[in-house]
Amino acid sequence: MDKPNLKNFTQQELTDWVVQLGMKSFRGKQIFCWLYRPDITDFSQMTDISKEVRSQLAEKSFFSNLQPEIEERSKDGSVKYAFRLEDGKVIESVLIPEEERLTLCVSSQVGCAMGCRFCLTGTMGFVRNLSPAEIVGQVQSISEIVKKQGYNRINNLVFMGMGEPLANFDNLITALSNLMNQNGLDFSSRRITVSTCGLIPKIKELGEKVPVNLAISLHAADNETRNKLMPVNATYPVDELLAACRAYPLPNRRKIMIEYIMLKDINDSPKDAKLLIKKLHKLAAKVNLLPYNENKVFDFKSPPRERVEQFQTILRDAGITALLRESRGSDISAACGQLATLNNGEEES
Ligand code: SF4
């Protein structure tokens, strides 16, 4: 039987596993704490654990760490990290410095099955799910890098990298548990945002399991337009999706983030803005307007600045918080919808 990777366990699962091996249950917490300390790569570094127990652990299990293979720095300060996984697949995470904060955009899958028409990751198709160790490994590795660079810590995690997080639900939940565990990486749920293209059956379950922030890639308020942009809309149309958002067990004073990529002559008219206002009625939501990152693969264009600002003003006049998000990292293909990695068995896209 394959040895388990201990970083794929929650603390409770790890405790159950050590007990099965005949160890005392306190060992579970002790080992779990070591796994998430900086620069721990070998059981021999777990110095308060006896040599016998360490060699038993090494015989029956292992744990993995990720190290970025490539680091690309954008003119705007964003940094894209590419990690090669054990099977040779490559995933990317993007670190975005903003004023006093550091936000890390995390991947949840290699490729993505959702096929959104504007997204480079979607062109890769689905390759595989990331394990909890691979999801948390991105955060742990980059956390250690930024600390060595003199930053205090990463402030926010957003699951907006490669993949649809809710399509890798069980591994996502384990990863979130370890990210939020004080003995793990100790992120507050307030600092974590999971973004989905709208897998309705999993939205409520997510909120019931972990009180993280929710972001919805909406991009159009009518089904006709959204169907053209996002194949998932055929299964989970706009009204049902927004009903699922209303049912999301949102912690007090938080809002659901509605992501809206602005595409010239497709979803950027005043009529589109007014329909969006109507659809967001009685939903605790704020809107992020993201002018499209033009690229050589798709024909979509970004609207002129005035058009974007007009859209924003219409939303604001209706009392909706609407933020205009400047594109970050587009010169290193790290911007939203631009993550599509090289060498996943294919030529670079
Ligand atoms: Fe997948 Fe998100 Fe890209 Fe859609 S936008 S194809 S859900 S990675």
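Predicted model: local features only at pLDDT ≥ 70, side-chain atom pairs only at ≥ 80, totals over all residues.

Trainee: Why is Glu98 called buried?

Mentor: Its relative accessibility is 19%. Buried means under 20%. So Glu98 counts as buried. Glu98 sits in strand E3, residues 90-98.

Trainee: What makes the pairing of the Glu98 and Arg325 side chains a polar contact?

Mentor: The distance is 3.1 Å. The limit for the N or O atoms is within 3.5 Å, with one able to donate a hydrogen and the other to accept it. The side chains of Glu98 and Arg325 therefore make a polar contact.

Trainee: Which residues is Glu98 in contact with, leaving aside neighbours within four places in sequence?

Mentor: Thr103, Arg325 and Arg328. Contact here means heavy atoms within 4.5 Å.

Trainee: Next, Asp39. Why is Asp39 called partly exposed?

Mentor: Its relative accessible area is 42%. Buried is under 20% and exposed is over 50%. Asp39 falls in between, so it is partly exposed.

Trainee: Where is Asp39, and what is its phi?

Mentor: Asp39 is in the loop between helix H2 (26-35) and helix H3 (51-60). Its phi is positive, about 60°, although Asp39 is not a glycine.

Trainee: What makes Asp265 count as exposed?

Mentor: Asp265 has 61% relative accessibility. Exposed means over 50%. Asp265 therefore counts as exposed.

Trainee: Where does Asp265 lie, and what is its phi?

Mentor: Asp265 lies in the loop between strand E10 (256-262) and helix H10 (270-279). Phi of Asp265 is near 65°, a positive value in a residue other than glycine.

Terms used: Residues numbered from 1 in each chain as written. Heavy atoms only, no water. Helix = DSSP H or I, 4+ residues; strand = E, 2+ residues; numbered from the N terminus. Buried < 20%, exposed > 50% of the residue type's maximum accessible area, 1.4 Å probe, protein only.
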